[in-house]
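Hi,

Here is the structure I said I would pass on.

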Amino acid sequence: MKALQIVKYGAIKDSLSINEVKKPAIKPNDILVEVKAASINPIDYKLVEGHLKDMISLKFPSTIGYDVSGVVAEKGTDVINFEIGDEVYSRVPQEQMGTLAEYVAVNYKVVAKKPKNSSFEEAAALPLTGLTAMQALESVGIKENDRILIHAGSGGVGSFAIQYAKAKGAIVYTTTSSKNVDWVKALGADRVIDYKTEDYKEVAKNLDIVFDTLGKDYTFDAFEIIKEGGRVATIVGPPDEETAKQMGMSDYKLPEKLSKLIEKKSATYKLTWMQPNAEQLNTIKTLVENGAIKPVIDFIYSLEDAVDAYEYLATGKAKGKVIISLS
Ligand SMILES: NC(=O)c1ccc[n+]([C@@H]2O[C@H](COP(=O)([O-])OP(=O)(O)OC[C@H]3O[C@@H](n4cnc5c(N)ncnc54)[C@H](OP(=O)(O)O)[C@@H]3O)[C@@H](O)[C@H]2O)c1
């Protein structure tokens, strides 16, 4: 079968190659998914460029990709609740990475049936970004009437997070650049802040929650605009100490600057490192089938053009999700 593989660390175009490889063998708990569509994520090119070497060790060549939708082609002896021919979607676990291929083996415990009203391309857009947004917003207890700022509302994570926060009854502020303002507003955001012409800190103040998808100064500046006792959920900032422990960083100490900001505002600060989760994929399926959440797709590429797809995603300018279709 064909697969897009990371062959070494380095620049995207020098380090990815479409290779002919063996179809994966399944273990008793695995489903073999015939891949119809995959989506790509910033973590993929960060891996290729070697930025995650210390956290995720790769053997070369390694098939790339975490998000998949497709059809159950084979199932292991211990698999329950799935039949051959079922249409499914998943964010595959690290050890099963490799969705940019004709087939991928996935533990059935992180697989769910895909939303009935979604195409394979739409379903592939959802798992990693959807689970990230849900887990991050739930980690700080998002609830009705919370006033939340979601950074980068036009990104893969942000475009899902806006819709999820609205489904929870929150009042949503979000940032993006001028060209994206109209379609991001149409996702349901109450106030879209054009970062090219407005200072978000002047518009969004006294918030219950900031969802930090940008990192660096944005993480620290979140504390300026939350109210006393507010919450900061990050997916790119430094780990909080509890999450660091779960990630195996036993000697980790929160940076002093962050500790002081948390203390000054009596704030909650939480890093989410997304985990595959079939139950939450089932919740996403329901939200999509109810019309509360619509997948947002920017471009659909073929597997042959997947390197171009990664170069586009790495510009940081994608509008929603970039998809690889194998149908
Ligand atoms: N911790 C985890 O488990 C986890 C999970 C998923 C993702 N992540 C990380 O979260 C980040 C976001 O992921 P993603 O998939 O959403 O990325 P993405 O889809 O590539 O984000 C692109 C979007 O970011 C917007 N953007 C860039 N700079 C901005 C700024 N200064 N202000 C507002 N918007 C800005 C761009 O809009 P404009 O073109 O208008 O600038 C573009 O639409 C990545 O760093 C990713 O690695 C972490």
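Let's start with Asn277, which caps the N-terminal end of helix 11: one of its side-chain oxygens lies 3.0 Å from the backbone nitrogen of Glu279. That is a polar contact (a pair of N or O atoms within 3.5 Å; within protein, one must be able to donate a hydrogen and the other to accept it, and residues adjacent in sequence count only if both atoms are side-chain atoms).

Before you read on: this is a predicted model, where local features need pLDDT of at least 70 and side-chain atom pairs count only at pLDDT 80 or more, while totals for chains, interfaces and linings use all residues. Residues are numbered from 1 along each chain as its sequence is written, and side-chain values use heavy atoms, leaving out hydrogens and water.

Helices (H or I, at least four residues) and strands (E, at least two) are DSSP runs, numbered from the N terminus.

Back to helix 11. Ala278, Gln280, Leu281, Ile284, Lys285, Leu287 and Val288 are its buried residues, buried being under 20% relative accessible area, exposed over 50% and partly exposed in between (1.4 Å probe, protein chains only). Seen down the helix axis, these buried residues fall within an arc of 165°, so they line one face of helix 11; the arc is that of the directions from the axis to the C-beta atoms. Their cover includes strand 6 (87–91), strand 8 (111–113), helix 4 (127–139) and helix 5 (156–167), with contact meaning heavy atoms within 4.5 Å. Just after the helix, Gly291 takes a positive phi of about 85°.

Now the ligand. It is surrounded by 27 residues, the closest being Lys46, Ser154, Ser177, Tyr195 and Ala318; a residue is near if one of its heavy atoms lies within 4 Å. Helix 2 (42–48), helix 4, helix 5 and strand 10 (171–176) each supply at least two residues of that shell. A ligand nitrogen is 2.8 Å from a polar backbone atom of Thr272, and a ligand oxygen is 2.8 Å from a backbone N or O atom of Met274.

Finally, what does Val210 touch, not counting residues up to four places away in sequence? Leu149, His151, Ala222, Ile225, Ile226, Arg231, Val232 and Ala233. Val210 is found in strand 12 and counts as buried, at 0% relative accessibility.

Cheers
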